[in-house]
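Let's walk through this model together, starting with its charges and ending with its side-chain contacts. Keep the viewer open as you read.

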Amino acid sequence: ILRQQLDRQIGDRRETLEKNEEKIREVNAHMEEVNQLKRTAELEVKEVERKIANFKDSLMQLERAKESKTTELKLMTSKVRETESKLLDLQTEIDGVSREKESVKGELSRQQDHLENLNTEISSLNEKK
């Protein structure tokens with residue numbers, strides 16, 4: 001009877017041991033899946049971090065380009081204002097020269113009229129002689 005009880009207990013223990021070993025295999029398989037998912041997630045995180053770093057680099061390059069273009073635009077704006085000022089000065093000078101030209105034309109016309117009057121007088125005096 002003791003032998004049968006021991007055999008039954010041994011059988012029960014073997015069965016429990018086999019069930020536990022199966023559970024251990026299942027847990028180990030599950031742990032392997034978890035570890036694989038963890039490795040995959042770590043690789044994905046590294047890839048995302050690399051993309052973020054590249055994006056930050058691109059953003060910095062764009063920022064520097066923007067600053068450069070802003071400086072260039074300010075310089076060009078300054079040159080345009082300087083050119084506009086010079087054009088206004090030239091226009092003022094042209095206007096002054098035009099007025100002077102008209103004044104000289106008027107003086108020339110008066111001189112020609114005076115010359116014609118003198119010529120007429122000379123001709124008149126010559127005729128009287």
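**A tour of the chain**

The chain carries 26 positive and 29 negative side chains, and the centres of these two sets are 7 Å apart. Here Lys and Arg count as positive and Asp and Glu as negative, with His and the chain ends not counted; a charge is placed at NZ of Lys, CZ of Arg, CG of Asp or CD of Glu. This is a predicted model, in which local features need pLDDT of at least 70 and side-chain atom pairs count only at pLDDT 80 or more, while totals for chains, interfaces and linings use all residues. Residues are numbered from 1 along each chain as its sequence is written, and side-chain values use heavy atoms, with hydrogens and water left out.

Now for the overall fold. Along its principal axes, the C-alpha trace spans about 185 × 20 × 10 Å.

How much of the chain is buried? Buried residues make up 0% of the 129 residues, where buried means under 20% relative accessible area, exposed means over 50%, and partly exposed lies in between (1.4 Å probe, protein chains only). The chain exposes about 12500 Å², and carbon and sulfur atoms supply 56% of that area. Accessible areas come from the Shrake-Rupley method with a 1.4 Å probe, and for residues only the protein chains shown count as cover.

Phe55, Leu59 and Leu62 make a nonpolar patch of about 340 Å². Patches are made of residues with over 30% relative accessible area and no salt bridge; like charges are joined within 9 Å, and nonpolar side chains (Val, Leu, Ile, Met, Phe, Trp, Tyr) within 5 Å. Leu59 lies in helix H1, which runs over residues 2–128, and counts as partly exposed because its relative accessibility is 45%. Leu75 also has its place in helix H1, and with a relative accessible area of 49% it is partly exposed. From Leu75 to Gln61 there are 14 residues in sequence and 21 Å in space, C-alpha to C-alpha.

Finally, turn to the salt bridges, of which the count comes to eight; each needs a side-chain nitrogen of Lys or Arg within 4 Å of a carboxyl oxygen of Asp or Glu. One of them joins Glu22 and Arg25 at 2.9 Å, N to O. Both residues lie in helix H1, three residues apart, about one turn of the helix. Glu22 is partly exposed at 34% relative accessibility, and Arg25 is partly exposed at 48%.

Glu47 and Arg50 form a salt bridge at 2.5 Å, N to O. Because they are three residues apart in helix H1, about one helical turn separates Glu47 and Arg50. Glu47 is partly exposed at 33%, and so is Arg50 at 40%. The side chains of Lys86 and Glu82 meet in a salt bridge at 3.4 Å, N to O. Lys86 and Glu82 are four residues apart in helix H1, so about one helical turn lies between them. Glu82 is partly exposed, with a relative accessible area of 43%.

Notes
Helices (H or I, at least four residues) and strands (E, at least two) are DSSP runs, numbered from the N terminus.
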